[in-house]
Amino acid sequence: MSKREDIIDGSLAALAKAGLVYTEVLGWIDLGHAQGTDIVKLLNKMAQGESSGQQFYDVTYSQGMTSPHGLVRSGKVLTWRIHHGRPDWERKSIALAMMMTMARKFEAFQGSFPNNIVTDSGFSGEDLVSDLLGFYRVVSIQNPFAMLRPISKVEALKRWDHYGKIGSWKNETFQPLLFPDPDKYPHSRPQKGILPPFMRTITPYNDFLSGNVILPQHDKTFIVLGAENGRMGL
């Protein structure tokens, strides 16, 4: 759940591990979501599966949230079975499909009762596009922020105060949600933007009739007591 006090100066975006920045190209970005550490782990699991010598190997991916005092962590988890012999480009396509599938399930989980009592983060306007940016920071450009045009903290605070908290603006797609400069466009409303070219280079895997990727019948919910803070894919 992004808060006003999470906003940092856009010049810090490339090195910051957490915080909220506003960019002219992607709108609000949650830098915790955009680290891509979950994608690194996911691709490493696929590489290990490919080197295992097994005809099929299972890959598990999850996204979760931690309660305010760090006592409970809960979320969604799924496992896909992959046929050995997938080339690097196809593994990235599979990883993207897994992330996008899970991100939507997790955001819906956050927005459902009783989670929606304590957080407004379900499909918050910055979440899905931040997840997608994290993916491409791993497989494409590690530091794309110069082309995303982040703005200063002072200017970002103006947008927050004019439009309200980002959690009240929902976005169920991976497209950017843009908030026009209120000084220039005082009567504007948020509008969908277009992903930059580098974030459109990989197609999510969808060839599920080939038998090379076998989906589970059901995704699962997990609850862990005494969890650490943070939100990540496992």
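**The α2 and α4 pair**

Modeller: Happy to! In this predicted model, α2 passes α4 in a right-handed crossing. The two helices pack with their axes 10 Å apart and at an angle of about 155 degrees. That angle is over 145 degrees, so α2 runs roughly antiparallel to α4.

On the α2 side, the contact is made by Lys92, Ala95, Leu96, Met99, Ala103, Arg104, Glu107 and Gln110, while α4 brings Asp127, Leu128, Asp131, Leu132, Phe135, Tyr136 and Val139.

Now for the core. The largest nonpolar core has 45 residues, and those touching the most other members are Leu26, Met46, Met98, Met99, Leu133, Phe135 and Tyr136. Met99, Phe135 and Tyr136 also take part in the helix contact. Two or more core residues come from each of α1 (37-50), β3 (56-66), β4 (72-83), α2 (88-110), α4 (127-139) and α5 (145-148). The largest share, nine residues, is given by α2.

Tyr136 deserves a look of its own. Leaving aside residues up to four places away in sequence, Tyr136 touches Leu96, Ile141, Phe198, Met199, Arg200, Thr201 and Ile202. Leu96 is one of the α2 residues in the helix contact. Apart from all this, there is a second, separate core of 13 residues, with Tyr22, Ala156, Trp160 and Phe179 among them.

Terms used
Residues are numbered from 1 along each chain as its sequence is written. This is a predicted model: local features need pLDDT of at least 70, side-chain atom pairs count only at pLDDT 80 or more; totals for chains, interfaces and linings use all residues. Side-chain values use heavy atoms; hydrogens and water are left out. A nonpolar core is a set of buried Ala, Val, Leu, Ile, Met, Phe, Trp, Tyr and Cys residues joined through side-chain atoms within 4.5 Å. Buried means under 20% relative accessible area, exposed over 50%, partly exposed in between (1.4 Å probe, protein chains only). Helices (H or I, at least four residues) and strands (E, at least two) are DSSP runs, numbered from the N terminus. Contact means heavy atoms within 4.5 Å. Axes are lines fitted to C-alpha atoms, for helices over the stretch in contact, and angles run from 0 to 180 degrees between N-to-C directions. Angles under 35 degrees count as roughly parallel, over 145 as roughly antiparallel, 65 to 115 as roughly perpendicular and the rest as oblique. A crossing is left-handed if the near helix is turned anticlockwise from the far one by less than a right angle, and right-handed if clockwise.
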